[in-house]
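Here are my notes on the model, for reading beside the coordinates.

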Amino acid sequence: MKIVVMCGIGLGTSAILKVNTERALERLDIAASVLATDVAGVRAAAADAQVILTSSELVNAIGKTNADVIVINNYFDVDELVVKLDIALGS
Amino acid sequence: MSLPHLPLDAITIGAHADDWPAAITAAGDALVRSGAATSAYTERMIEVIREFGAYIVIAPGLALAHARPGADVLTDGLCVVTLVEPVTFGHPHNDPVSVIVGLAVAGADDHLQFVAELANVFNDPTVIPALAGATNAEFVKSVFERTAS
C-alpha cells in the first residue's frame, strides 16, 4: 500500500507529516510506504497511491485523483492521524 | 543528525507583528541574526505562503516558516519567535498563530532526520502553549534540548 503526504514545496511540513504518518501506521499495525511530495509532483507520486494526506489549504491543488484525500488539521497529533487513517484504511 | 543548534540569538521572545508577513519577517530576521540565512531567504518564506496558502500553520497556534534550500541558506538553522499578540494566517483550524518556528535547510536530502526530531519536540501537545508563554530565550532553548535529547 502507498500513502502520499503532500505539502507546498515537499520538505519541512510534508516531512513532519511523513514521520507522524509512519508512527500512526505503526500503531494501527498497517504496512504501507509513505512518500512525501509537493504540489508539482503529487499527480505522478499519487498515481498508484491509496491515500493522499494534506492540509485543507492544498486540497484543490491535487486535482483529479483516484486516491482518498484526507485533510489533516494538526500535523503533530498522531491520534488524529490514527483515527483518520483507520477510517480510510481499516476494515 | 539531531536538531540543528538553536542558539539564543535565534530566539525572539514577545515580537510585535501586525500581520503574518511581519511575523514571518521576524523569523527570517532571527535566522539572519544567527547566521543561518540571508534576508533573501525571508522573502522566499513569504513567497511560499503567498503561493500555497497558510498550510504552514501545521498545528494550533504554530507556523513552520520555511522555503526550499538555496544560495541564501548559509547553514542548516532553526529559529523560534513568539508573538505578544497572535496573528491570523488564514488557516481554517489552526489560527491564530503565536509561535513561529523558522527552518532553513542547506540541502533537501539531509533534512529528514532533522525534521523527525522536530516532530519529537512538538508531538507533546503541551509544548506549543509552553513556548507561547515563554518569558525568556533560555526557557525556549531548554524545551528543544530536553525533548530532542
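1. This is a predicted model. In chain B, the residues of α1(B) that meet α2(B) are W20(B), P21(B), I24(B), T25(B), G28(B), L31(B) and V32(B). On the α2(B) side they face S39(B), Y41(B), T42(B), M45(B), I46(B) and I49(B). Sorted by class, this contact of α1(B) with α2(B) holds nine nonpolar and four polar residues, and no charged ones.

2. As for the geometry of that pair, α1 of chain B spans residues 20–33 and α2 of chain B residues 39–52. Their axes lie 9 Å apart, at an angle of about 145 degrees. The crossing of α1(B) past α2(B) is right-handed.

3. In chain A, helix α1 (residues 13–28) and helix α4 (residues 78–89) have axes that come within 9 Å and cross at roughly 60 degrees. The two helices, α1(A) and α4(A), are therefore oblique to each other. Here too the crossing is right-handed, for α1(A) passing α4(A).

4. The contact between them draws on N20(A), T21(A), R23(A), A24(A), L25(A), R27(A) and L28(A) from α1(A). From α4(A) come V78(A), L81(A), V82(A), L85(A) and D86(A). By class, the contact of α1(A) with α4(A) has seven nonpolar, two polar and three charged residues.

5. The contact between the chains involves 28 residues of chain B and 20 residues of chain A. On the chain B side, α2, β2 (62–66) and α3 (112–122) each supply at least two residues. Of these, α3(B) gives the most, with six residues. The chain B side that touches chain A is made up of 20 nonpolar, six polar and two charged residues.

Methods
Residues are numbered from 1 along each chain as its sequence is written. Chains are lettered from A and ligands numbered from 1 in the order in which they are written. This is a predicted model: local features need pLDDT of at least 70, side-chain atom pairs count only at pLDDT 80 or more; totals for chains, interfaces and linings use all residues. Axes are lines fitted to C-alpha atoms, for helices over the stretch in contact, and angles run from 0 to 180 degrees between N-to-C directions. Helices (H or I, at least four residues) and strands (E, at least two) are DSSP runs, numbered from the N terminus. A crossing is left-handed if the near helix is turned anticlockwise from the far one by less than a right angle, and right-handed if clockwise. Two residues are in contact if their C-beta atoms, placed from the backbone, lie within 7 Å. Ala, Val, Leu, Ile, Met, Phe, Trp, Tyr, Cys and Pro count as nonpolar, Asp, Glu, Lys and Arg as charged, and the others, Gly among them, as polar. Angles under 35 degrees count as roughly parallel, over 145 as roughly antiparallel, 65 to 115 as roughly perpendicular and the rest as oblique.
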